[in-house]
Structures are given as structure tokens and as C-alpha cells.
Amino acid sequence: MPSTSGTPTGSVIETSGLTKRYGKHLAVDGLDLSVPRGSVFGFLGPNGSGKTTTIRMLMGLIEPTSGRAKVLGRPMPHDTRRVLPHVGALIEGPALYGFLSGRDNLLRYDSADPTADPRTRKARAEAALDRVGLTAAAGKKAKAYSLGMKQRLGLAAALLQPRELLVLDEPTNGLDPQGMREIRSLVRELASDGTTVFLSSHLLDEIEQVCTHAAVMTQGRLITQGPVAELAAGARGRLTVTTPDTGDAARVLKELGVADLVVTEDRVTGEPPGTDLADVNAALVEAGVRVRGFGVERASLEDAFVALTGEGFDVAG
Amino acid sequence: MSRAEVTAGAAGASGADGVRAATAATAKETDTGHPAGPGSPPRPVRLAWTLGLLRSELSITFRRWRTLALLAVLAAVPVLVGIAVKIETGDGGSVGGGGPDGGGGPAFIAQVTNNGLFLVFTALAATLPFFLPMAIGVVAGDAIAGEASAGTLRYLLVAPAGRTRLLLVKYATALTFCLVATLVVAASALAVGALLFPLGEVTTISGTRISFSDGLLRALLIALVVAASLIGVSALGLFVSTMTSSGIAAMATTVGLLITVQILDQIPQLHAIHPYLFSHYWLSFADLMRDPVYWDDLVKNLGLQALYAGVFGSAAWARFGVKDIAS
């Protein structure tokens, strides 16, 4: 098994054979995860697939049954006190003291970090509030916050200090579309500052939009991991022809070498051939096929996921 | 479109290859022993900074309405006792009208009409069996379990508060609450006593007379001993608190244990275990009113409290140190 130190080019998170067993149930089963420094790493999987259990092991909250985990080059949970000051985390939604104001919640969490300078505490809390757009509501009691505001405050707590690694578990949960966009742009901004972002989500869209790398989990196992472009490329786009003359279209396409043809009511789809698509279109028109639509549908990460698992994404483990 | 040449089936393989290549690359840079990364000089931990959590804990504990309500109830007890004594003795009769101890009621109650200072001793004797330990049970029982049920425990631990440090802070806060709660009872009793009854020289249990200022000093000493008597319950509550993720369950269990112990202490057939019950020597604080002070039971009480703190404190530490935080 490779072991790495947290060198600039190395992995920020590295696990080998990481396993957590609850009774007979394997929540996480032999996970070998490698998160490159500087990446925005999407951690995908349906609800109940073991994502949160993995994150809890990485953060030293629960002890692995077997296997090892290294964060920032140090073993967890052994080195929590040296590793975690450099890690900001949002785990399974925000948790706040309802009887404290948003600002006081941040001060409370900051005072729990023995490496946080109390002299800059207030200024850092204000900066974090500003960063998540919560300055106006900072004096309100947290129990009066909406879910979206709580989520923002949780993010602010993760941003109290400059971090090397941000672990964000479902950060856009409970946010409206505008809020989701804001969080995404915040994540991009942080990543461009050099922070590695480990982002778990069950929303494929989200991962596809912000992540450079991704890993997919189902039922406690890691199915694949790698750069998002590679994963999505695995599931090819499909050539789609919309026409009332499906029979003729299918025949012409077959002659041109289009494989895996599927004919539906008014559409013919297949794997794109190696030839120029303009020629394919011309051939269809020449054969008298009334072409109403023609193009290649982009493959999404979701297609890749379905191709990998052979099942829908919303299946819980 | 060159990427598109890869079939869906090969995607997993190519992804895995990428990972293997990455791990192989990083494997070359094995253990240079560097901390975190560049741009992250290890931040120093300073003693004054680590005390920030204790300050934060104390401030949020004493800002909570629940804590203030508990203290208000405790402060109300001497007021009620004082008024009751005043009404009953308003016609010139004596409390209880019984023997030299006043027959019934808490210790010292018969002397209250002669000297308001005795209301301090009476109030402490009245609140020590249940009110005070119940309030401590609520605060100590909620210490860890309350954070767990609110979900804030996981954020404190990834801050990282450190499990031992968090436990020490929680215990220190519980002990501070013991002291504050006891002093609230004593101060309230002193105020009510001064208001409703005369103050003056104090007659000790042994019959000697000491000056009022000496009496005040003894009252303060008694308050401290009463606060120290609650060390055991605090440790027990903290231990229970590490066993569950429900604040309510932890508080109820602690208070339940307290009541059980108090009942066991009343059953004569169980006298063999009585010396080991944390509440057995509680009322020994009255011995401070003897002249000279009778120390035996006081020392036994403090020793027993230290024993409970040691045993249940270690148990809490052992439990919390390895506990999976799944809430």
C-alpha cells in the first residue's frame, strides 16, 4: 500500500482499505481514496452509500474498523489536533446553538480551536459572515434562521481560518437556486486560492459543475475515482436524429456504420460514427429522410454513473 | 471526440488507472516527515488560547435561560423558608415547638428567629439533599450529551477542541456551577435572614459563642464544603453524559441515580454500603458549627467526593476518548 506525506503534489486525503462495520453491516468497505492537492473533489453516491461515515472517519469522529486514513499527510484519528486546525468542515448539515446569535456561534466554534488567536477572533468571524452573505443577520438568534441561513453559518464556521482542506458534506442542501449558485462560486473562489475542496453530494449536476475530480460510492464501496472529464468521457454522447421516417433513417445510419441503434417513436439514436457528422446528415437528407433534428447529446456524469452501476442513481444502499 | 472512442465499460478502468498512477507518483515521496503542507506553518497552541474554550463554556452556560432558571429556583428556597419561619413564629411561638433540634425541619431551623445567619445553614441543609444536586445533575448530565443531541459536539471536535480538553472544560464548568449555585443559596439566605431576623453573635452547636464576623466566616466555609460535596455528583453526571446522545436521558438518569442513592442511604439494612454512597456524609457540614470543629466526617466526605471524581472522571475520559461520534 502506498503511503504518502502531504507534499505539495501529493494527496490531501489518502485512505487504504478503510472499513467501518456496524454489527454485520459494512457501512464502508475497503475504501482506497486519493484526493489530489488543489483539486475540487466530488464525492458522489446515493443517500446511505457510506459518504458521511467516510467523512466522519477522515475527521477523526469515528474509529475505522480496519484500514488507514491520512489527511494532510498525517494519520487520522491519531493526529487530529495537528491536522484539523487546517481543515474546515461541514458535516451532515450545520449544527448551531439556537440560543446564541449567528455571530456568537462562530465565536464559540473559534474558541474551541486552541490554535485560533483570540485577538483576531472577532475580525475573523465578521470576515467569515461577510463571505457567506450573513452579515445582516449576524445578530439574530440561530434558532430563528432558515435552513439556508444555517447552512451559510455552517460554511462560515468552516471559513474562520485559512484552510488547506475544506470538507463540505452536501453544502447546498436546503438552499434556493440563487444560494446554490453563490455556494458554487464560493467553492470555485476558494479552490482558486489553492484550497483543496472535498465536496460530497448526491446531486450529479453540482459535482459536474464545480469539480475537477470525482469518486463514486455505492453501498459502502468505491466504484470509481478520477478526473471528472475522464469519468464523463467514459459515457459517450449519443447521435440523435429526430424524424418521422425512422425506418429509413435507421437503415441509412446502419449503412454509415452507426452502431447500437435504438429506434423510438420519432427518434433514432446510436453511437456516433468516426466520420464527419455533416456527411451523415447529408446522406440522410439524400435518402429522403425528413430530418427535424440532428445532433450529439452530451454525455453527463449521470450517464457515466448509470453505465458504471447499471442502475439509477437514487437507489439507497 | 477522441475521448469518445473510449467505451463506457473502459471508463472505470481508465479512471482506476489514473488513480493507480497518482498513488504510484505519490508513493515516491514517502514520509519526508513534513507536517501538513507548505503555506501552513504549524500554528502554535498557547495555554492562554486553550483557555478560550473554558471562557466560552462558562459564558454560554451562565447565559442560558435554563441555568438562570435553576439559580432562581435555588435562590427562592431560602426566601420561602425565611418567610415560613417568620409567619410561624410571628405569634411568639417557636418553630416545630418540639425538642432542642426544633423537632422537624432542616437543621438549625430553630435558631433562625434568634439569628438571621442561621438561615444560611438552614437553607443549605434544605437544598443539599435534592435541589442542589438536581440542578448539578441537569448541568453535568447535559454537558456532553446535550452537545451530542444538538449536533454541535462534532463541530467542537473537528474545531478541534480535543476530547480530553473538552471533557476537562465541561467538568470545570460543572464544578463552577456547583460553587455558584451554593453561593447563590447562601447569599440569598443571608439577605433574607438579615431582612427578617436580627443578626448578632452566634451560638455554636457546642454551646460556645462566637462573634458575628466569625460566624460569617464559618458560613462561607460551610458554603464551600457544601459546594465540594457536589463534586461526586458532578463526576457521575459527566460520566452518564458520555454514555448517551440524548441530553434529556442523561439528565434524567443522573437525577434518577441521585434519588436512588438517597433512598438507599435511608435503608438501615444496607448500612454496609452507606459509607460508599456519595451523599452519606453530606450533612457533616454542620460539624463546622462545633467548637472546636469536628473534622472526622468532613474529611470522610471530602475524601469520598475525591474518590467519586477520580473513578467517574476516569470512566468518563476512557469512554469519551474512544467513543464514535455519530450524532
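Helices here are DSSP runs of H or I with at least four residues, strands are runs of E with at least two, and both are numbered from the N terminus. The model is a predicted one, so local features need pLDDT of at least 70 and side-chain atom pairs count only at pLDDT 80 or more, while totals for chains, interfaces and linings use all residues. Residues are numbered from 1 along each chain as its sequence is written, chains are lettered from A and ligands numbered from 1 in the order in which they are written, and side-chain values use heavy atoms, with hydrogens and water left out.

Take the contacts (heavy atoms within 4.5 Å) in chain B between residues at least 6 apart in sequence: 75% of them join residues at least 24 apart.

The axes of helix 3 (residues 52–63) and helix 4 (residues 65–88) of chain B come within 5 Å and cross at roughly 65 degrees (axes are lines fitted to C-alpha atoms, for helices over the stretch in contact, and angles run from 0 to 180 degrees between N-to-C directions). On the helix 3 side sit B:Thr61, B:Phe62 and B:Arg63, which meet B:Trp65, B:Thr67, B:Leu68 and B:Leu71 of helix 4.

Helix 8 (163–196) and helix 9 (212–229) of chain B each give two or more residues to the patch, and helix 9 supplies the largest share, 3 residues. B:Leu224 lies in helix 9 of chain B and is partly exposed, at 40% relative accessibility.

Now for the charges. Side chains of opposite charge can pair when their charged atoms come close. Over all chains there are 26 salt bridges (a side-chain nitrogen of Lys or Arg within 4 Å of a carboxyl oxygen of Asp or Glu). One of these is between B:Asp324 and A:Lys20, at 2.6 Å from N to O. This pair joins two chains, because B:Asp324 lies in the segment after helix 12 (296–322) of chain B and A:Lys20 in strand 1 (residues 11–22) of chain A. B:Asp324 is partly exposed, at 26%, whereas A:Lys20 is buried, at 6%.

Within chain A, A:Glu170 and A:Lys51 form a salt bridge whose closest N and O atoms are 3.9 Å apart. A:Glu170 is in the loop between strand 8 (165–169) and helix 6 (177–192) and A:Lys51 in helix 1 (residues 51–58), so the pair ties together parts that are 119 residues apart in sequence. Finally, A:Arg108, B:Glu57, B:Glu147 and B:Lys170 are linked in a network of salt bridges.

Definitions and conventions
Buried means under 20% relative accessible area, exposed over 50%, partly exposed in between (1.4 Å probe, protein chains only).
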